[in-house]
Structures are given as structure tokens and as C-alpha cells.
Amino acid sequence: MNEMLSRAVARTVTVVREIRDDQLDLPTPCADFDVRALLGHMSWVAAMFAALARKEQPPPQDDDHAAFEGRVAGMLAAWSDPEVFEGVNPTMGLPMTTVFQMGLGDVVIHGWDLARATGQDYEVDTEIGEVMAAFVGEMAPQARQMDVFQQEVAVPEDASPFERALGLSGRDPAWKP
């Protein structure tokens with residue numbers, strides 16, 4: 001599973017490195033965040049999922065968007081030991097595999113958000129797309145109740161697994177700024 005996270009992190013870091021300062025105030029498909037705020041959220045979430053992998057308490061929330069790359073590298077390192085996938089996370093009360101998929105989803109879906117907002121491509125391989133479609137499909141009803149996801153957006157029947165995941169998360173795969 002960590003190979004999927006490694007690919008997702010590499011793809012998302014490539015997108016982040018291409019974001020220009022004049023793009024930080026652009027809207028994103030994630031309606032609650034502009035580019036700067038989404039980068040800040042992703043930075044803190046990467047630190048949070050690194051701590052959760054170590055079964056530690058998450059750090060206090062901050063929005064240090066400039067720390068994203070270092071924090072996501074720490075997240076990747078924290079999930080590199082196969083033993084971290086065992087058991088239940090004491091903070092969240094969820095299986096560690098579920099916690100991992102939440103972190104993977106954050107990197108991939110928000111990576112796509114940033115790419116769309118800044119006019120970049122964001123390719124997701126078939127394996128990650130299928131994992132995201134299955135996971136988001138399973139978690140979407142609860143995520144909507146918790147206001148993590150918006151209402152489902154219909155996607156064409158021939159949509160890719162990742163496009164289905166986007167629609168289930170309340171995003172329009174055809175979104176443009």
C-alpha cells in the first residue's frame with residue numbers, strides 16, 4: 001500500500017512545486033478552500049497522518065502551507081513500515097488500514113483539487129483510482145453527514161474509477177476555475 005502513497009505523494013508534490021504565488025488566491029474544487037488554504041490544510045493533515053501512523057496524538061492544527069513538502073515526506077516515512085497497518089488507531093478508533101486510506105485519499109483528491117485550480121494535469125493510475133473509488137464509495141454517506149464531502153455529483157457511466165471517486169466526494173470531474 002505504501003507504494004500507492006509514494007506515487008500519490010510524488011504526483012502531488014510535482015503539482016505543488018508548480019504553483020505560482022499569483023495562484024495562491026484561486027478557488028479550488030474544494031469549495032471551503034482557495035489554493036493557499038488548501039495547501040495549509042494539506043500540510044497539517046500530512047503531519048496529522050504521520051502522527052496517526054505512529055499511533056501518536058496529532059499535532060495542533062496549523063495552516064503552514066510552506067511546510068507541505070517536508071510534512072508529506074514525513075507522512076510517507078511514517079507509513080513505510082508494514083507493521084503500522086496492523087491494529088486499530090487509538091486516537092481515531094479505526095483500523096489502521098482505514099486511517100491509511102483516509103490519508104491516501106487526502107493526498108490524491110486534494111492533489112487533484114490543486115491541479116484543477118492551477119491548470120495542471122493530475123493523472124491517477126488505475127490501482128489508486130480503484131482503491132479511491134471503493135474507499136470513497138464506502139465512506140461517502142458518513143463523510144457527508146460529517147460535512148467532509150458534499151452531495152454526490154453524477155458522473156458519466158464510462159467515468160474512470162477516480163472520476164467516480166471524485167463524484168462520490170462531491171466534486172465535478174469536469175470542474176474548471
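Modeller: Let's start with a term: a residue is buried when its relative accessible area is under 20%, exposed when over 50%, and partly exposed in between, using a 1.4 Å probe and protein chains only.

Biologist: Okay! And what kind of model is this?

Modeller: This is a predicted model, where local features need pLDDT of at least 70 and side-chain atom pairs count only at pLDDT 80 or more, while totals for chains, interfaces and linings use all residues. Residues are numbered from 1 along each chain as its sequence is written, and side-chain values use heavy atoms, with hydrogens and water left out.

Biologist: How many helices and strands does the protein chain have?

Modeller: There are 6 helices and 0 strands. Helices (H or I, at least four residues) and strands (E, at least two) are DSSP runs, numbered from the N terminus. From that end, the elements run α-α-α-α-α-α. The radius of gyration is 15 Å, close to the 16 Å from the globule rule for 177 residues, so the chain is as compact as a globular protein of that length. That radius is taken over C-alpha atoms, and the rule is 2.2 Å times the number of residues to the power 0.38.

Biologist: What does the C-alpha trace span along its principal axes?

Modeller: About 40 × 35 × 30 Å. Of the 177 residues, 48% count as buried.

Biologist: Let's look at Gln23. Is it buried or exposed?

Modeller: Gln23 is buried, with a relative accessible area of 5%. You'll find Gln23 in the loop between H1 and H2.

Biologist: Which residues is Gln23 in contact with, leaving aside its neighbours within four places in sequence?

Modeller: Gln23 is in contact with Glu18, Val35 and Thr118. Contact means heavy atoms within 4.5 Å. Thr118 sits 95 residues from Gln23 along the chain, and their C-alpha atoms are separated by 6.6 Å.

Biologist: What share of contacts in the chain between residues at least 6 apart join residues at least 24 apart?

Modeller: That share is 66%.

Biologist: New topic: which residues of helix H3 are buried?

Modeller: In H3 (residues 68–78), they are Phe68, Val72, Met75, Leu76 and Ala78. They cover an arc of only 165° around the axis, which puts them on the same side of H3. The arc is that of the directions from the helix axis to the C-beta atoms.

Biologist: What do the buried residues of H3 pack against?

Modeller: Helix H1 (2–17), helix H2 (35–53) and helix H4 (96–117).

Biologist: And which residues are buried in H6?

Modeller: In H6 (residues 161–168), Phe162, Ala165, Leu166, Gly167 and Leu168 are buried. The buried residues of H6 pack against H4 and helix H5 (126–145). After H6 comes Gly170, with a positive phi near 95°.

Biologist: Which residue has a positive phi although it is not a glycine?

Modeller: Lys55 does, with a phi of about 60°. Most residues other than glycine have a negative phi. Lys55 lies in the loop between H2 and H3 and is partly exposed, with a relative accessible area of 37%.

Biologist: What about Arg54: where is that found?

Modeller: Arg54 is also in the loop between H2 and H3, and it is partly exposed at 44% relative accessible area. Its C-alpha atom is separated by 9.0 Å from that of Asn89, which is 35 residues away along the chain.
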